[in-house]
Amino acid sequence: MQSNSTLHYDELEAYPCQLPPPSQLYHLEPIDIGSPLVESLSSYVVRLAEAHMHTPSTIVRYVVSPLLNHTYFDPDKTTSMSYKAAGAMSGRSKTAGEWVGALEKLTLRKDLSFTTFLPFQAIFPDKGLLKADRAWCPLCIECWKSEGKPVYEPLLWKVQEVVVCPIHQTGLITICPNCQRKLPHISSNLVSGHCSRCGRWLGHSDATMCSGASEEQIWAAKSVGDLLAHSPSATSSPGKEAIMGFFDNLIKGRKGSARGLAAIMGVNHSYIIDWRNGKYIPTIGALLHICRSFRESLVEVVFSARIQKKPATMPRNGSVPNMLTQKRAVKRQNKINWESVEADLADMETNELQVGVIAKRYQCSPSSLYRKFPDLCRKVSTLRHQNLMHKRTEHDEEIKQKIRLAVNDLVSQGISVKKSAIYELIGGRSDKKSKLINEIIIELGNADLQGQRPDIR
Ligand SMILES: [Zn+2]
Ligand SMILES: [Zn+2]
(Lines give C-alpha, C1' and ligand atoms only; values in the text may rest on other atoms or scores of the structure.)
(Ligands and ions follow the chains in the order given, each with its own letter.)
Protein backbone atom coordinates (compact mmCIF):
# COMPACT_ATOMS: atom_id res chain seq x y z
CA MET A 1 0.00 0.00 0.00
CA GLN A 2 1.38 3.37 -0.98
CA SER A 3 1.27 6.21 1.55
CA ASN A 4 -0.15 9.52 0.35
CA SER A 5 1.38 11.47 3.23
CA THR A 6 3.90 14.15 2.22
CA LEU A 7 7.25 14.35 3.97
CA HIS A 8 8.28 17.78 5.22
CA TYR A 9 11.91 18.73 5.67
CA ASP A 10 13.41 21.72 7.47
CA GLU A 11 14.16 24.61 5.24
CA LEU A 12 17.79 24.60 4.08
CA GLU A 13 19.77 27.66 4.88
CA ALA A 14 21.99 28.70 2.00
CA TYR A 15 25.15 30.69 2.65
CA PRO A 16 28.15 31.52 0.52
CA CYS A 17 30.85 28.87 0.63
CA GLN A 18 34.05 30.07 2.38
CA LEU A 19 36.76 28.19 0.51
CA PRO A 20 40.30 29.43 0.93
CA PRO A 21 41.72 30.99 -2.23
CA PRO A 22 43.45 28.38 -4.40
CA SER A 23 47.22 28.51 -4.66
CA GLN A 24 48.79 28.74 -8.10
CA LEU A 25 51.28 25.97 -7.28
CA TYR A 26 50.65 23.00 -4.97
CA HIS A 27 50.66 23.80 -1.25
CA LEU A 28 53.52 21.29 -0.94
CA GLU A 29 54.90 20.96 2.58
CA PRO A 30 58.69 21.27 2.97
CA ILE A 31 60.20 18.12 4.48
CA ASP A 32 61.08 17.95 8.17
CA ILE A 33 60.73 21.57 9.25
CA GLY A 34 61.82 21.69 12.90
CA SER A 35 64.34 18.87 12.49
CA PRO A 36 68.10 18.99 11.81
CA LEU A 37 67.41 17.61 8.34
CA VAL A 38 64.94 20.31 7.25
CA GLU A 39 64.71 20.56 3.47
CA SER A 40 66.60 23.30 1.58
CA LEU A 41 64.75 25.75 -0.67
CA SER A 42 66.53 24.57 -3.83
CA SER A 43 65.47 21.00 -3.06
CA TYR A 44 61.91 22.24 -2.44
CA VAL A 45 61.82 23.87 -5.89
CA VAL A 46 62.93 20.59 -7.50
CA ARG A 47 60.25 18.59 -5.64
CA LEU A 48 57.63 21.22 -6.41
CA ALA A 49 58.47 20.91 -10.11
CA GLU A 50 58.30 17.09 -9.84
CA ALA A 51 54.88 17.33 -8.14
CA HIS A 52 53.66 19.32 -11.15
CA MET A 53 55.30 16.83 -13.55
CA HIS A 54 57.55 19.57 -14.88
CA THR A 55 61.28 20.22 -14.85
CA PRO A 56 62.66 22.88 -12.49
CA SER A 57 63.45 24.88 -15.61
CA THR A 58 59.79 25.18 -16.63
CA ILE A 59 58.56 26.10 -13.16
CA VAL A 60 61.33 28.65 -12.63
CA ARG A 61 61.18 30.21 -16.08
CA TYR A 62 57.42 30.51 -16.52
CA VAL A 63 56.03 30.67 -12.99
CA VAL A 64 58.59 31.90 -10.45
CA SER A 65 60.80 34.24 -12.49
CA PRO A 66 57.98 36.66 -13.44
CA LEU A 67 57.58 37.36 -9.70
CA LEU A 68 61.28 38.05 -9.14
CA ASN A 69 62.89 41.43 -9.62
CA HIS A 70 65.79 40.01 -11.55
CA THR A 71 66.66 37.55 -14.26
CA TYR A 72 70.14 36.60 -13.14
CA PHE A 73 69.10 33.06 -12.34
CA ASP A 74 68.34 30.88 -15.31
CA PRO A 75 68.43 27.13 -14.61
CA ASP A 76 69.09 26.48 -18.30
CA LYS A 77 72.32 28.43 -18.18
CA THR A 78 75.50 27.42 -16.44
CA THR A 79 76.97 30.90 -16.15
CA SER A 80 78.84 31.53 -12.93
CA MET A 81 76.20 34.08 -11.93
CA SER A 82 73.38 31.59 -12.41
CA TYR A 83 75.39 28.88 -10.63
CA LYS A 84 76.00 31.19 -7.66
CA ALA A 85 72.37 32.29 -7.49
CA ALA A 86 71.25 28.64 -7.34
CA GLY A 87 73.24 28.27 -4.12
CA ALA A 88 72.23 31.64 -2.69
CA MET A 89 68.57 30.61 -2.97
CA SER A 90 68.88 28.67 0.32
CA GLY A 91 71.06 31.32 1.97
CA ARG A 92 70.39 34.44 4.06
CA SER A 93 70.69 37.19 1.47
CA LYS A 94 68.29 39.24 -0.67
CA THR A 95 68.17 36.44 -3.26
CA ALA A 96 66.85 33.96 -0.69
CA GLY A 97 64.32 36.54 0.53
CA GLU A 98 62.98 37.13 -2.99
CA TRP A 99 62.70 33.41 -3.70
CA VAL A 100 60.90 32.73 -0.43
CA GLY A 101 58.54 35.65 -1.12
CA ALA A 102 57.73 34.46 -4.65
CA LEU A 103 57.28 30.81 -3.68
CA GLU A 104 55.14 31.63 -0.64
CA LYS A 105 52.92 33.72 -2.91
CA LEU A 106 52.62 30.83 -5.37
CA THR A 107 52.08 28.04 -2.83
CA LEU A 108 50.35 30.09 -0.10
CA ARG A 109 52.75 28.61 2.44
CA LYS A 110 54.15 30.67 5.29
CA ASP A 111 57.04 28.52 6.40
CA LEU A 112 59.46 28.53 3.48
CA SER A 113 61.98 30.81 5.19
CA PHE A 114 62.90 27.81 7.40
CA THR A 115 64.27 26.11 4.28
CA THR A 116 66.87 28.90 4.09
CA PHE A 117 69.26 30.75 6.40
CA LEU A 118 67.02 33.83 6.42
CA PRO A 119 66.14 33.33 10.12
CA PHE A 120 69.90 33.61 10.84
CA GLN A 121 70.45 36.70 8.73
CA ALA A 122 71.76 38.70 11.68
CA ILE A 123 73.96 35.91 13.02
CA PHE A 124 76.00 34.66 10.07
CA PRO A 125 77.58 36.53 7.17
CA ASP A 126 77.32 35.12 3.63
CA LYS A 127 81.02 34.44 3.68
CA GLY A 128 81.73 30.81 4.46
CA LEU A 129 78.06 29.93 4.93
CA LEU A 130 77.02 27.75 1.98
CA LYS A 131 78.86 25.43 -0.36
CA ALA A 132 79.21 26.42 -3.99
CA ASP A 133 78.12 22.97 -5.19
CA ARG A 134 75.75 20.20 -4.20
CA ALA A 135 76.79 17.76 -1.48
CA TRP A 136 74.92 14.62 -0.50
CA CYS A 137 74.98 11.55 1.69
CA PRO A 138 74.50 8.57 -0.67
CA LEU A 139 73.48 6.37 2.27
CA CYS A 140 70.68 8.74 3.34
CA ILE A 141 69.15 9.09 -0.13
CA GLU A 142 69.37 5.34 -0.77
CA CYS A 143 67.70 4.71 2.58
CA TRP A 144 64.85 7.18 1.88
CA LYS A 145 64.29 5.64 -1.53
CA SER A 146 64.18 2.08 -0.22
CA GLU A 147 61.75 3.15 2.53
CA GLY A 148 59.51 4.82 -0.05
CA LYS A 149 60.16 8.28 1.44
CA PRO A 150 60.64 11.37 -0.71
CA VAL A 151 64.25 11.98 -1.71
CA TYR A 152 65.45 15.53 -1.00
CA GLU A 153 68.45 17.61 0.01
CA PRO A 154 68.54 18.93 3.58
CA LEU A 155 69.69 22.49 4.19
CA LEU A 156 72.35 21.04 6.51
CA TRP A 157 74.20 19.40 3.58
CA LYS A 158 74.57 22.82 1.95
CA VAL A 159 76.47 24.37 4.85
CA GLN A 160 80.18 24.81 4.13
CA GLU A 161 81.23 23.68 7.60
CA VAL A 162 79.14 20.50 7.38
CA VAL A 163 81.19 17.91 5.56
CA VAL A 164 79.77 14.74 7.11
CA CYS A 165 76.36 13.16 7.54
CA PRO A 166 75.47 13.30 11.25
CA ILE A 167 73.33 10.17 10.89
CA HIS A 168 75.74 7.85 9.09
CA GLN A 169 78.86 9.65 10.32
CA THR A 170 80.45 9.41 6.89
CA GLY A 171 81.73 12.12 4.57
CA LEU A 172 79.30 13.91 2.25
CA ILE A 173 79.97 13.45 -1.47
CA THR A 174 80.51 16.47 -3.71
CA ILE A 175 81.53 14.87 -7.01
CA CYS A 176 79.35 12.56 -9.07
CA PRO A 177 81.08 9.15 -8.93
CA ASN A 178 79.93 8.46 -12.48
CA CYS A 179 80.81 11.60 -14.46
CA GLN A 180 83.34 12.95 -11.92
CA ARG A 181 81.83 16.45 -12.01
CA LYS A 182 80.67 18.93 -9.40
CA LEU A 183 76.96 19.67 -9.52
CA PRO A 184 75.01 22.95 -9.19
CA HIS A 185 72.35 23.18 -6.46
CA ILE A 186 69.61 23.42 -9.05
CA SER A 187 69.62 23.01 -12.81
CA SER A 188 67.18 22.73 -15.67
CA ASN A 189 66.46 19.00 -15.61
CA LEU A 190 67.47 18.07 -12.07
CA VAL A 191 65.60 15.09 -10.63
CA SER A 192 65.83 14.55 -6.85
CA GLY A 193 68.66 12.21 -5.90
CA HIS A 194 70.17 12.15 -9.40
CA CYS A 195 73.18 13.74 -11.06
CA SER A 196 72.04 16.71 -13.15
CA ARG A 197 74.90 16.17 -15.60
CA CYS A 198 74.86 12.43 -16.35
CA GLY A 199 71.48 11.51 -14.87
CA ARG A 200 72.80 8.70 -12.66
CA TRP A 201 71.26 7.87 -9.26
CA LEU A 202 73.54 9.23 -6.51
CA GLY A 203 72.60 6.90 -3.67
CA HIS A 204 74.07 3.58 -2.59
CA SER A 205 74.13 1.53 0.58
CA ASP A 206 77.83 0.70 0.76
CA ALA A 207 79.30 2.65 3.69
CA THR A 208 82.78 1.39 2.81
CA MET A 209 82.66 3.61 -0.28
CA CYS A 210 82.32 6.73 1.90
CA SER A 211 85.09 8.52 3.76
CA GLY A 212 85.13 8.54 7.54
CA ALA A 213 84.26 11.43 9.84
CA SER A 214 86.26 12.97 12.67
CA GLU A 215 84.70 13.71 16.05
CA GLU A 216 85.00 17.44 15.33
CA GLN A 217 83.24 17.12 11.97
CA ILE A 218 80.38 15.16 13.54
CA TRP A 219 80.11 17.73 16.32
CA ALA A 220 79.94 20.58 13.76
CA ALA A 221 77.24 18.81 11.72
CA LYS A 222 75.16 18.08 14.83
CA SER A 223 75.57 21.63 16.15
CA VAL A 224 74.35 23.23 12.92
CA GLY A 225 71.56 20.63 12.71
CA ASP A 226 70.39 21.52 16.24
CA LEU A 227 70.34 25.18 15.27
CA LEU A 228 68.17 24.53 12.20
CA ALA A 229 65.86 22.29 14.23
CA HIS A 230 65.38 24.93 16.93
CA SER A 231 64.64 27.82 14.57
CA PRO A 232 60.86 27.30 13.94
CA SER A 233 60.08 27.03 17.67
CA ALA A 234 61.98 30.22 18.56
CA THR A 235 59.77 33.19 19.35
CA SER A 236 61.87 35.46 17.16
CA SER A 237 64.87 35.29 14.87
CA PRO A 238 68.15 35.61 16.75
CA GLY A 239 69.80 39.03 16.66
CA LYS A 240 73.49 39.82 16.66
CA GLU A 241 73.16 40.86 20.32
CA ALA A 242 73.45 37.14 21.12
CA ILE A 243 76.87 37.00 19.45
CA MET A 244 77.93 40.32 21.00
CA GLY A 245 76.89 39.03 24.43
CA PHE A 246 78.76 35.79 23.87
CA PHE A 247 82.02 37.59 23.10
CA ASP A 248 81.50 40.06 25.92
CA ASN A 249 81.13 37.10 28.20
CA LEU A 250 84.25 35.42 26.84
CA ILE A 251 86.25 38.60 27.39
CA LYS A 252 84.95 38.87 30.96
CA GLY A 253 86.09 35.29 31.46
CA ARG A 254 89.59 36.50 30.54
CA LYS A 255 89.48 39.23 33.20
CA GLY A 256 88.22 41.77 30.66
CA SER A 257 91.14 41.32 28.32
CA ALA A 258 90.26 41.06 24.63
CA ARG A 259 93.97 40.73 23.91
CA GLY A 260 94.19 37.75 26.25
CA LEU A 261 91.32 36.04 24.47
CA ALA A 262 92.76 36.94 21.06
CA ALA A 263 96.11 35.45 22.05
CA ILE A 264 94.44 32.22 23.13
CA MET A 265 92.49 31.96 19.90
CA GLY A 266 95.39 33.04 17.69
CA VAL A 267 93.58 35.98 16.07
CA ASN A 268 94.17 39.70 16.01
CA HIS A 269 92.46 41.27 19.03
CA SER A 270 90.62 43.69 16.73
CA TYR A 271 88.49 40.74 15.54
CA ILE A 272 87.39 40.08 19.11
CA ILE A 273 86.57 43.74 19.72
CA ASP A 274 84.64 44.02 16.44
CA TRP A 275 82.65 40.87 17.17
CA ARG A 276 81.92 42.04 20.72
CA ASN A 277 80.83 45.49 19.50
CA GLY A 278 78.74 44.08 16.67
CA LYS A 279 80.76 45.85 13.98
CA TYR A 280 81.27 42.52 12.23
CA ILE A 281 79.88 39.05 12.77
CA PRO A 282 82.09 35.96 12.77
CA THR A 283 81.67 33.37 10.03
CA ILE A 284 79.81 30.21 10.95
CA GLY A 285 83.15 28.38 10.84
CA ALA A 286 84.77 30.78 13.32
CA LEU A 287 81.75 30.64 15.63
CA LEU A 288 81.70 26.84 15.58
CA HIS A 289 85.41 26.77 16.32
CA ILE A 290 85.05 29.13 19.28
CA CYS A 291 82.01 27.27 20.64
CA ARG A 292 83.86 23.97 20.48
CA SER A 293 86.96 25.45 22.06
CA PHE A 294 84.98 26.84 25.00
CA ARG A 295 82.66 23.81 25.16
CA GLU A 296 79.57 25.90 24.50
CA SER A 297 76.60 24.76 22.49
CA LEU A 298 76.03 26.74 19.29
CA VAL A 299 72.25 26.64 19.71
CA GLU A 300 72.52 28.09 23.22
CA VAL A 301 74.92 30.81 22.11
CA VAL A 302 72.56 31.84 19.31
CA PHE A 303 69.19 31.41 21.00
CA SER A 304 69.66 31.60 24.72
CA ALA A 305 70.78 34.24 27.17
CA ARG A 306 71.75 31.54 29.67
CA ILE A 307 75.46 31.63 28.99
CA GLN A 308 75.51 35.41 29.21
CA LYS A 309 74.81 35.19 32.92
CA LYS A 310 78.07 33.53 33.85
CA PRO A 311 81.37 34.45 32.26
CA ALA A 312 82.72 31.71 30.04
CA THR A 313 86.08 30.45 31.15
CA MET A 314 88.77 28.44 29.52
CA PRO A 315 88.09 24.71 29.63
CA ARG A 316 90.04 23.00 32.39
CA ASN A 317 93.08 21.12 31.15
CA GLY A 318 92.08 22.23 27.69
CA SER A 319 93.80 24.44 25.21
CA VAL A 320 92.12 26.40 22.48
CA PRO A 321 93.45 25.40 19.10
CA ASN A 322 94.59 28.19 16.81
CA MET A 323 91.75 29.53 14.71
CA LEU A 324 92.96 31.70 11.89
CA THR A 325 96.71 31.31 11.88
CA GLN A 326 98.49 28.06 11.40
CA LYS A 327 101.20 28.67 14.03
CA ARG A 328 100.24 25.80 16.30
CA ALA A 329 99.57 23.48 13.40
CA VAL A 330 103.05 24.25 12.11
CA LYS A 331 104.52 23.62 15.57
CA ARG A 332 102.68 20.30 15.75
CA GLN A 333 103.89 19.36 12.30
CA ASN A 334 107.45 20.05 13.40
CA LYS A 335 106.97 17.49 16.17
CA ILE A 336 105.66 14.81 13.82
CA ASN A 337 107.89 11.84 13.32
CA TRP A 338 107.93 11.97 9.53
CA GLU A 339 109.95 8.78 9.22
CA SER A 340 107.22 6.94 11.04
CA VAL A 341 104.54 8.56 8.83
CA GLU A 342 106.46 7.52 5.74
CA ALA A 343 106.77 3.96 7.03
CA ASP A 344 103.02 3.83 7.72
CA LEU A 345 102.20 5.16 4.27
CA ALA A 346 104.59 2.70 2.66
CA ASP A 347 103.08 -0.21 4.57
CA MET A 348 100.48 -0.81 1.89
CA GLU A 349 99.84 -4.35 3.05
CA THR A 350 98.55 -3.51 6.50
CA ASN A 351 97.54 0.15 6.49
CA GLU A 352 93.94 1.11 5.95
CA LEU A 353 94.68 2.54 2.51
CA GLN A 354 93.47 5.97 3.46
CA VAL A 355 95.69 9.01 3.63
CA GLY A 356 93.06 10.62 5.87
CA VAL A 357 93.34 7.82 8.45
CA ILE A 358 97.11 8.17 8.64
CA ALA A 359 96.81 11.97 8.83
CA LYS A 360 94.41 11.58 11.75
CA ARG A 361 96.79 9.17 13.46
CA TYR A 362 99.53 11.82 13.40
CA GLN A 363 97.15 14.75 14.02
CA CYS A 364 97.98 16.53 10.80
CA SER A 365 96.02 17.35 7.68
CA PRO A 366 95.89 14.99 4.67
CA SER A 367 97.08 17.91 2.50
CA SER A 368 100.29 18.18 4.55
CA LEU A 369 100.94 14.47 3.88
CA TYR A 370 100.29 14.99 0.17
CA ARG A 371 102.79 17.86 0.20
CA LYS A 372 105.44 15.87 2.05
CA PHE A 373 105.02 12.48 0.34
CA PRO A 374 103.18 13.13 -2.95
CA ASP A 375 104.11 9.85 -4.67
CA LEU A 376 103.38 7.66 -1.68
CA CYS A 377 100.05 9.37 -1.00
CA ARG A 378 99.00 9.03 -4.62
CA LYS A 379 99.92 5.35 -4.48
CA VAL A 380 97.88 4.85 -1.29
CA SER A 381 94.95 6.69 -2.83
CA THR A 382 95.10 4.63 -6.05
CA LEU A 383 95.27 1.41 -4.06
CA ARG A 384 92.27 2.47 -1.99
CA HIS A 385 90.35 3.24 -5.15
CA GLN A 386 91.27 -0.15 -6.64
CA ASN A 387 90.32 -1.83 -3.39
CA LEU A 388 86.90 -0.17 -3.40
CA MET A 389 86.38 -1.06 -7.06
CA HIS A 390 87.30 -4.65 -6.26
CA LYS A 391 84.80 -4.75 -3.38
CA ARG A 392 82.12 -3.25 -5.60
CA THR A 393 82.77 -5.84 -8.34
CA GLU A 394 82.63 -8.65 -5.78
CA HIS A 395 79.35 -7.30 -4.43
CA ASP A 396 77.91 -7.03 -7.96
CA GLU A 397 79.01 -10.58 -8.72
CA GLU A 398 77.18 -11.84 -5.61
CA ILE A 399 73.97 -10.14 -6.77
CA LYS A 400 74.43 -11.47 -10.31
CA GLN A 401 74.77 -15.00 -8.98
CA LYS A 402 71.53 -14.59 -7.01
CA ILE A 403 69.81 -13.31 -10.16
CA ARG A 404 71.04 -16.29 -12.21
CA LEU A 405 69.69 -18.70 -9.59
CA ALA A 406 66.38 -16.80 -9.41
CA VAL A 407 65.94 -16.90 -13.21
CA ASN A 408 66.79 -20.60 -13.18
CA ASP A 409 64.18 -21.25 -10.49
CA LEU A 410 61.50 -19.35 -12.39
CA VAL A 411 62.28 -21.09 -15.70
CA SER A 412 62.38 -24.56 -14.14
CA GLN A 413 58.99 -23.95 -12.49
CA GLY A 414 57.52 -22.68 -15.75
CA ILE A 415 56.88 -19.23 -14.23
CA SER A 416 57.35 -16.32 -16.61
CA VAL A 417 60.54 -14.36 -15.96
CA LYS A 418 59.60 -10.87 -14.79
CA LYS A 419 61.62 -8.30 -12.90
CA SER A 420 59.09 -8.23 -10.07
CA ALA A 421 59.39 -12.03 -9.62
CA ILE A 422 63.20 -11.81 -9.65
CA TYR A 423 63.16 -8.98 -7.07
CA GLU A 424 61.04 -11.14 -4.82
CA LEU A 425 63.51 -14.00 -4.99
CA ILE A 426 66.65 -11.91 -4.51
CA GLY A 427 65.17 -9.75 -1.74
CA GLY A 428 64.24 -6.21 -2.72
CA ARG A 429 64.69 -3.86 -5.61
CA SER A 430 67.16 -1.13 -6.48
CA ASP A 431 68.50 0.62 -9.57
CA LYS A 432 71.64 -1.45 -9.39
CA LYS A 433 69.70 -4.73 -9.21
CA SER A 434 67.57 -3.59 -12.14
CA LYS A 435 70.69 -2.93 -14.21
CA LEU A 436 72.24 -6.27 -13.25
CA ILE A 437 69.03 -8.15 -14.11
CA ASN A 438 69.17 -6.63 -17.61
CA GLU A 439 72.78 -7.74 -17.95
CA ILE A 440 72.03 -11.31 -16.84
CA ILE A 441 69.04 -11.65 -19.18
CA ILE A 442 71.25 -10.60 -22.09
CA GLU A 443 73.98 -12.96 -20.88
CA LEU A 444 71.62 -15.96 -20.61
CA GLY A 445 70.98 -17.66 -23.90
CA ASN A 446 67.74 -18.90 -25.37
CA ALA A 447 68.47 -22.39 -24.02
CA ASP A 448 68.80 -21.14 -20.42
CA LEU A 449 65.49 -19.32 -20.71
CA GLN A 450 63.83 -22.30 -22.45
CA GLY A 451 62.45 -20.12 -25.19
CA GLN A 452 60.91 -17.57 -22.77
CA ARG A 453 61.02 -13.90 -23.74
CA PRO A 454 61.46 -12.26 -20.36
CA ASP A 455 59.53 -9.14 -19.47
CA ILE A 456 62.26 -6.97 -17.96
CA ARG A 457 60.70 -3.54 -18.19
ZN1 LIG B 1 73.50 9.92 5.76
ZN1 LIG C 1 77.13 12.50 -12.99
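In the predicted model, Lys-149 forms a salt bridge with Glu-147, and the closest N and O atoms of this pair are 2.9 Å apart; a salt bridge is here a side-chain nitrogen of Lys or Arg within 4 Å of a carboxyl oxygen of Asp or Glu. Lys-149 is partly exposed, with a relative accessibility of 45%, and Glu-147 is likewise partly exposed, at 46%, where buried stands for under 20% relative accessible area, exposed for over 50%, and partly exposed for what lies in between (1.4 Å probe, protein chains only). Salt bridges with shared partners also join Arg-134, Glu-153 and Lys-158 into one network. Side chains of opposite charge can pair when their charged atoms come close.

The model is a prediction in which local features need pLDDT of at least 70 and side-chain atom pairs count only at pLDDT 80 or more, whereas totals for chains, interfaces and linings use all residues. Residues are numbered from 1 along each chain as its sequence is written, chains are lettered from A and ligands numbered from 1 in the order in which they are written, and side-chain values use heavy atoms, with hydrogens and water left out.

By the rule given above, the count comes to 12 salt bridges. One of them links Asp-126 with Arg-92, with the closest N and O atoms 3.5 Å apart. Asp-126 lies in the loop between α4 (94-107) and α5 (138-146), while Arg-92 lies in the loop between α3 (80-88) and α4, so the pair ties together parts that are 34 residues apart in sequence; helices (H or I, at least four residues) and strands (E, at least two) are DSSP runs, numbered from the N terminus. Asp-126 is partly exposed, with a relative accessible area of 44%, whereas Arg-92 is buried, at 15%. Glu-397 and Arg-404 also meet through their side chains in a salt bridge (3.4 Å, N to O), and Glu-397 is partly exposed at 38% relative accessibility.

A further feature is the packing of two helices. The axes of α18 (residues 419-426) and α19 (residues 431-443) come within 11 Å and cross at roughly 115°, the axes being lines fitted to C-alpha atoms, for helices over the stretch in contact, with angles running from 0 to 180 degrees between N-to-C directions. The contact (heavy atoms within 4.5 Å) is made by Lys-419, Ile-422, Tyr-423 and Ile-426 of α18, together with Lys-433, Ser-434, Ile-437 and Asn-438 of α19.
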